[in-house]
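Please open the model in a viewer and keep the selection tool at hand. The stops below are given in the order of the tour.

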Amino acid sequence: MQQSYEALDRPGGFSRVRLLAPLSHRDYRLLAGGMSVSLLGDGLFLVALAWQVYTMSDAPTALATVGIAMTIPTITCLLIGGAVSDRFDRRVVMLTADTVRAIALAALAALAITAALTFWELLAIAVVYGSATAFFNPASDALVPQLLPADVLAQANSLDQLIRPMALRLAGPALGGLMVGAIGAGWTFALDGASFAISVAALLAMSPVPVSAASPKPSGAAREIRVGLRYVRSHAWLWATLITAAIAYLLFMGPTEVLLPFIVKHRFADGARDLGLIFAAGGLGSLGCAVAIGQFGLPRSSLTFMYLAWTVATVAVAGYGLSKGLWGLMLASVLFNTLETAGTIAWATAKQRHVPSHLLGRVSSLDWLISIGLLPLSYALTGPVSAALGARQTLIWAGILGAIVTFTPLLSRSVRRFARSGEQFAQVVVQEHAARI
């Protein structure tokens, strides 16, 4: 295997398959490999957590409460996580966060296996898990441009969006449904904990990443956070996207994550397996989208494409409420995840190309914070709203209203002007890359 990787490192090793070009860089291979295993474990976790909660309390509000317990610490710590990732070695920040999550999953597994787990212990572990995630995500977003040249960032984001759904939404949930049915949620949690340990090993094998010379000198986290806020506030394409994403997530994320498992559990006899199939169908759609964009690139109007893709993806949430059979739910999952992936690739590439490296950790933390800032409220509202309207009607209106909000940045002249300038920048990158070849 070592010899084959060295061959891939030589010029042209990945030239025929553009999607794989980032893998010619050793440290990125290690990063992608470790995260692939970790995401596979998280796919198991999605099914195991839902089934564990509904086993302990057969009510949507219980899973919503766990979601709140996991997201509030993430939201609270994200700005600090972004500042930390801009000041220190981002690889070390990620390594520490993964170690904490591995320990948390091991504790959850031990309690579940021994039938000693209480709901409050589950909430406490969710708090620890969410806090560590707040440090991992900004550091991960900001590390990739340090490992790769600019002309392969779109391929790296496409590869990420290929690996992520394949592990998190396809293989992981499908395997998770089987594992929960075969060995129980507790041992499935243990497998997820082991996946974080593998990610830690991969991060340890990477070369240390030097801190940028432009990184903020120690001046207080509050001041560094304010610098990041000012940067976002001065760029309409950033703040408009983040604010509308926050509102759209408020509308559809809680209903999707809480009500979809609830509907499947009460409508289908083999609920765990069918929930895994629905998640897996969405993973297939994401996989195909990532391969296509990785090989052929983003459209010229990439930001306009991003907003349109996200708008139609949000409309697809209504399909969860409209569908009455398993195939309809799987189709809605395919449509939602395919278009969500397309927009995410365009968004990640735009951030990496246009945001200065020494600010990228803080901007990414603001991205995560503003995008998910209203998720606890979304979870909290899902229970009473679904009780009043019904689960299906709640999903339908969440998709329709969320789509309207998602489209609104395109009504801004400043955003449209940046979209045009972004297209020109992308063309320059392509031309420079072609000249080097």
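The tour goes through salt bridges, then a charged patch, then cysteines.

The model is predicted, so local features need pLDDT of at least 70 and side-chain atom pairs pLDDT 80 or more, while totals for chains, interfaces and linings use all residues. Residues are numbered from 1 along each chain as its sequence is written, and side-chain values use heavy atoms, without hydrogens and water.

Four salt bridges are found in the whole structure (a side-chain nitrogen of Lys or Arg within 4 Å of a carboxyl oxygen of Asp or Glu). Select Arg26 and Asp27, whose side chains form one of them at 2.9 Å, N to O. Arg26 is partly exposed at 41% relative accessibility, and Asp27 is buried at 17% (buried is under 20% relative accessible area, exposed over 50%, partly exposed in between, with a 1.4 Å probe and protein chains only).

Next, select Asp98 and Arg101, a salt bridge of 2.7 Å, N to O. Both residues are buried.

Move to Lys351 and Asp141, where the closest N and O atoms of the salt bridge are 4.0 Å apart. Lys351 is in helix α12 (residues 326–354) and Asp141 in helix α5 (residues 119–147), so the pair ties together parts 210 residues apart in sequence (helices are DSSP runs of H or I, at least four residues, numbered from the N terminus). Lys351 is buried at 6% relative accessibility; Asp141 is partly exposed at 22%.

Now select Arg223, Arg226, Arg230 and Arg233, which form a positive surface patch (residues with over 30% relative accessible area and no salt bridge, like charges joined within 9 Å). Arg226 belongs to helix α8 (residues 221–233).

Finish at Cys77, buried at 18% relative accessibility, and Cys289, buried at 10%.

Notes. Patches are made of residues with over 30% relative accessible area and no salt bridge: like charges are joined within 9 Å, nonpolar side chains (Val, Leu, Ile, Met, Phe, Trp, Tyr) within 5 Å. Accessible areas come from the Shrake-Rupley method with a 1.4 Å probe; for residues, only the protein chains shown count as cover. Lys and Arg count as positive and Asp and Glu as negative; His and the chain ends are not counted. The place of a charge is taken as NZ of Lys, CZ of Arg, CG of Asp or CD of Glu. Helices (H or I, at least four residues) and strands (E, at least two) are DSSP runs, numbered from the N terminus.
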